[in-house]
Amino acid sequence: MLLSCMSGFGAVAFAAMARGDTLSVLAAGGGRTPAARRVIFLYMDGGPSQIDTFDPKPALEKWDGKPFPLPRERTQFNMDGNTLASPWKFAQHGQSGLWVSDLFPHVATCADELCVVRSMTSKFSEHTNANYFLHTGAGFAGRPSMGAWTSYGLGNESHDLPGFVVLNGGLIPPGGIAVLGNGFLPATHQASLMRPEGEGLANLSPPEGADPAADARVRQLAAQLDGQFLARSGGAEAVESAIANCELAFRMQTAVPELMDLVGESEATKTAYGLDHAYEPTRIFARQCLLARRLAERGVRFIELTCPVTAGNDRWDQHGNLRKGHEENSRAVDQPIAALLKDLRARGMLDDTLVVWAGEFGRTPFAQGTDGRDHNPFGFSIWMAGGGVRGGSVHGATDDLGYKAVDQPVEVHDLHATMLHLLGVDHTQLTHLFGGRQMRLTDVHGKVQHHWLAAS
Amino acid sequence: MPVFVAALAIQTGEPLDFSRDVRPILARHCLVCHGPDSSGRKSDLRLDDPHSALALRDDGPAIVAGRPELSQLIARVGSPDPDERMPPDDRPAVSAAELAILTRWIDEGAKYGNHWSWEPIAAPAVPPIADGNWCRKQLDAFVLAALEKRGIAPAEEADRATLLRRLSFDLIGLPPSADEVAAFAADTRPEAYEEAVERLLASEHFGERWGRHWLDLVRYAETYGHEFDYSIDHAWRYRDYVIRAFNTDVPYDRLVQEHVAGDLLSAPRIDPATGLDESPLATGFWCLTQGTHGPVDVRQDELDRIDNQIDVFSRAFLGTTMACARCHDHKFDPIPSSDYYALVGTLRSSRRHMTYLDPGGQLELRRAEILEQRRQLEAQLSLDRPAELAAPSAGDAAIEEFAQAIPAGWSTTGQAFARSASELSQIGRAADGVLLKSPSGVASSESVAPAMQGTLRSADFRIDCERIVIRACGTGCRVQATIDGYSLHQQNPVLFEHVFASCESPDTWTDLNLDVSRYQGEQAYLEFIDDGPGWIMIDSVRRETGATSAASATGPARTPLVELSPGVATDLASRLDQVVEPASIGAPLRAQGLLEGTASDEPVLNRGNHRTPGVTTPRAAIASVPVGDLPTTGSGRLALAMNITSSASPLLARVMANRIWQHLIGVGLAATSDDLGSMGTPPGNPALLERLAAEFQSDWSVKNLVRQIVLSSTYRMSSRVSDPRAEEIDPLNEIPHRGRLRRLDAECIRDAILVDAGTLDPAVGGPPVAIHLTDSMQGRGRPANSGPLDGDRRRSIYLEVRRNFPAQLLAVFDQPIPTTTVGRRNESNVPAQYLALANDPFVRAQAAAWGAALAGDPARPSERVGRMIRSALSRDGNLNERSAMMAVLNGRNADPAAWQELALALFNAKEFVLLP
């Protein structure tokens, strides 16, 4: 009882009150039933190109190799070349006729699940600022990541796993773990970084060579000392909850290996995700996606996946060698993502699991040098699936050359507001007093994009 | 929470206080639309200003003093009609208790007052109390009076073992040793406690503990974070400065003056041990910002960094949230945007700089000797100034020429550069040993000695050209343009190679080209850096646009002294070599710091956007917060330093006294210790805070205030909950009525493990220990090599603070990632902490070290067990505990593994990390 209480919002609110902080009361959606109970965030580190993935621009063919005809903003490297058409073909998919490029043949088979936003914008052209911005709503380190806010706002449904888990494929985003941090929120809400292999969590079990019998004696002795201490402290609440969390830690030592053990998964499932794929990065991301589903099943509130390393490419950040880099990055994530969507759908979980696919910005429709693209925060594509969004739909548009959002431009704050809305949370009410302000994930911005939502 | 505070006032029947009881309610519910920010104000009504609130309006005054039933405020807030009711639905609703307070306040006459923390410090008289025996210190009377008024008694005193442990962690951040515990238990004299206090106050570890608290305020870090986590070179010099300052109990007003403007204070503060002037080191705190890798909008990036500087400055020193006034006037406190941009002006008029420090003035002394000896040598030559080498005029395009060696507005630091034309040498040495005539009309670091280090800087200028071309000669030196204060060029050669250049042309003039075409209209300055062993001469600085002009820069800079006979020349050359012998010249200490730049005022930026500037505001002149009124000179930092520390400013003392209380009692008298503004929590025992602030302001001694508090009866109360009625009346323990059970800070936990294991290296100060890297610490900027697992067994304050690679064990126990001021850490309780204590390789290794030491200890096992408990828990174990440990030992008396089990169990005991 104490555990479920202490890990949820109630406990946070209570702890904050007990400390004398002011805390807004969270109006959980104003009585509305939330569409989504959890989020799986597929973080495409480095900035995939919109015009090569989900935003086809036939006009680029005409200008290919010619000077870019629109006025250009300053770019990160200022090595702007000529217009560069997409090396990939686009086709329409599903009943919705959604356009997807050849980079995502598997995801294309889920076209009718996708809600594509082609008019996302960011305020920053630099990876790190843009990473912080996408994750925390501010361009510098120090604010809580969206997973921390979600855990803070909704609490944790799992009794033996943390509420915000990052499945680290190998690439910690530029900006470091502060991108995934709890900022000024209590540490309960910080991301637990799990590797998809091995035992997953740091310090989960004793170092190699430790004697289990000795560890059991240690634990028992510590528990005896704790019992004495609790009595002497007059049953102090802080002592009691420390003991409870210590017990939770011990339970995690069982729960995490059980999570990581895929023995119970069918061969068909494993193959579908790509666990036996010829390409190693695909195998890694496949494992991440499958673990994401297993975490979702266990009630973890916010699950974020970072990309695996693909040899010779710097994430999705193709300043040069666009063809190789984007092909290998999409190869790593395409099949596992499609399998995840289908698996969640088959298990009846997609409706209450919001899946989000996004990078920190897009890329320029003109070349950097001859075969790369520079950063472009002025208009790029993200997509969502499940969790109450309208499948098979496209929202907003960039200009004819895919450079800047011109129709229904939206910003990261709007994405955050809509994600929280789908989780049943009013983004203006999810606040924490810090530095003299009621801080929000959406700062003073954010508009819920109702047209992204499925009719309910 | 305001409601509880008001409840305390209601309990005692005192009249409500606007600033403490009412303003927080208005701030929370009303002031966004009816407060100080004119831009968002609705219905032209301002509820925090009596002139507006009491004015007659169409539907009657918002407030009628003494008549709540006629006041629209009460009618609208209490209205059952959702269209009428205030605040609107999208704002947090006013609770019934809050409405009752508003009503009572109007009933009592709607008396306004300044915000409590901005009022002068009152120094209240010691209140009368019934039970004089309980009080040891004056502050106790303030606590007891508040308790007696509510009919509750203070908690009993904690037992002596608990007190010693509490005292030791609070003062030096380390547990008492087993021997100290035993000695203290045996010494029952009443003075024993006082003596322990004095011993700990005098300990050199005091500065480490209290310095670490301070480092949280200034977001101390040794890297810039962001994409590549570049190092902030020499940052640790500032950390050691802080430790020394707390150890020597530098008066707090002086400490803050040094932070704001230590480079500008007229009187140095010399460290007797090293002869170093400490003051300029403090300005390093301004430089501990994050640093963007390759900002596309350099101006915006500068403003973001300055925003962080203002946030830290205003919250750390003044408990005021000035950064809230960046985009608009402050919503809750009467701080206009112009105050924010007054600080922006000050900071844009200052420059970051790698300071050259000269302990004991040794380098200056040596420099004077060299110049004098060179003059004597030159006197023998009776050379004329070599007019034929004077530079061709660069004409209109010149930014500067160097007739007087240092042009107006330029400045130099360090010892390398000639400071006036009269310091320019006439002779120098070529690489092949030939004696040369030096030109005049240049800026030069050739004139003292190649080994001397220094930097020459230009005044600020606005970029209105494509290139800056510098005619120079020299070797081993570089020039860089700093644009909008951006200074990570060296770490970022890919993105910034065009704005810095190396000078490698010792024989002939050369043109150094800086391409600034990207930065039209931006503010910039040039730096010529000679960090030894080279030298540089600068003849002219020109601006160029369009086609590159013909190289102006050919020909020798220095000519052989042909008129000398070979014998004389050789003799002179060797004597000159002796004069400038590198081995005789020490290196300066380098540290992060601030310097005066070119003074200028900044415009208020509409919505914080630099593309929409508004009216210009005078730098450094803060109009809202109460401060002194010294006029601005230069950047304004000196006036700012003096004004915020003047007796006219009540905030400095109040904020720090509250912080000191927080560190010793567990929570500040005002709980939000970084914000004593109207969004902060007002003090639960305001008279006590006033008293402490007044005492602190009288001598500015941190140690004295710490001493007062730890000697008090209040500090010594037990944390045990014993009186349910007291919990009901004072639920947040604000008065306080008992002690507060706390979790140890991250650093205390790690340090205590080292103390118990007997492995701690207690050395104070020095360069940081490289961070230990684990597999889960990945990402850009990851250091090539891991530091040692045991951190060289140094105290945690000496572990390298890498923003993107924080020490895992410390992070899990809430050491903040340093981004901005954190005066009060989270005190979380999460499973990962127990996984770390159980399984972290560091903890295990230290348990093994302790186990090995115990296994070889000749004392009886039961004695060893007793000492373990004394060491880990600072008390004698009881029979149950000792026999439980003996049972685990189970006769394995010489087995290190067995003792390791006991050690690990003690590290995992909750009592190890919780301080009752």
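1. The model discussed here is a predicted one, and its overall scores are ipTM 0.88 and pTM 0.88. For chain B the pLDDT averages 91, with 96% of the residues scoring at least 70. Over residues 1-7 of chain B, however, the pLDDT is below 50, although this stretch has 16 contacts in the model beyond near neighbours in sequence. Residues 385-395 of chain B also stay under 50 in pLDDT, and here the model has 18 contacts beyond four places in sequence.

2. Two partner strands of β9(A) can be described. Strand β1 (residues 38-43) of chain A runs parallel to β9(A) and is joined to it by 6 bridges, and within this pairing Arg38(A) has Thr353(A) as its bridge partner.

3. Elsewhere in chain A, Lys270(A) lies in helix α9, which covers residues 267-273. Is this residue buried, exposed or partly exposed? Lys270(A) has 16 C-beta neighbours inside 10 Å and therefore counts as partly exposed. Leaving aside residues up to four places away in sequence, Lys270(A) touches Leu262(A), Glu265(A), Leu275(A) and Asp276(A). Its C-alpha atom is separated by 19 Å from that of Gly200(A), which is 70 residues away along the chain.

4. Chain B has 31 helices and 18 strands, and its C-alpha atoms fill a box of roughly 100 × 90 × 50 Å along the principal axes. A compact globule of 916 residues would have a radius of gyration near 29 Å, and the 32 Å of chain B agrees with this. Buried residues account for 55% of the chain. Of the contacts between residues at least 6 apart in sequence, 72% join residues at least 24 apart.

5. The division of chain B into domains gives domain 1 (2-113), domain 2 (132-187 + 650-729), domain 3 (250-354 + 597-644), domain 4 (359-584) and domain 5 (841-915). Between the C-alpha centres of domain 1 and domain 5 of chain B the distance is 60 Å.

6. One open sheet of chain B has 3 strands in the order β4-β5-β13, with antiparallel pairing. Because β4 (427-429) and β13 (559-560) stand at the edges with a single partner strand each, one side of each is left without a neighbour in the sheet. The pairing of β4(B) with β5 (residues 435-437) of chain B extends over 3 bridges, and in β5(B) the bridge partner of Ile427(B) is Lys437(B).

7. Where the chains meet, 72 residues of chain B are in contact with 60 residues of chain A. On the side of chain B that touches chain A, at least two residues are supplied by each of α14 (298-318), α26, α27, α29 (879-889), α30 and α31 (910-913). By class, this side has 28 nonpolar, 24 polar and 20 charged residues.

8. Why is helix α26 of chain B described as largely enclosed by the rest of the structure? The reason is that 9 of the 9 residues of this helix (residues 831-839) are buried, among them Tyr834(B) and Asn839(B). The cover over its buried residues includes α8 (237-260) of chain A as well as α25 (808-812), α27 (841-855) and α30 (896-908) of chain B.

9. Glu227(B) is found in the loop between α11 (206-217) and α12 (235-247) of chain B, and it counts as buried because it has 24 C-beta neighbours inside 10 Å. Not counting residues up to four places away in sequence, Glu227(B) touches His127(A), Thr128(A), Pro174(A) and Gly175(A), along with His293(B) and Arg780(B). The C-alpha atoms of Glu227(B) and Gly291(B) are separated by 8.9 Å, although these residues are 64 residues apart along the chain.

Terms used. Residues numbered from 1 in each chain as written. Chains lettered and ligands numbered in written order. Predicted model: local features only at pLDDT ≥ 70, side-chain atom pairs only at ≥ 80, totals over all residues. Buried ≥ 20, exposed ≤ 12 C-beta atoms within 10 Å, placed from the backbone. Helix = DSSP H or I, 4+ residues; strand = E, 2+ residues; numbered from the N terminus. Contact = placed C-beta atoms within 7 Å. Pairing = 2+ DSSP bridges. Nonpolar A, V, L, I, M, F, W, Y, C, P; charged D, E, K, R; others polar. Rg over C-alpha atoms; globule rule 2.2 N^0.38 Å. Domains from an automatic or database assignment. pLDDT = per-residue confidence, 0-100.
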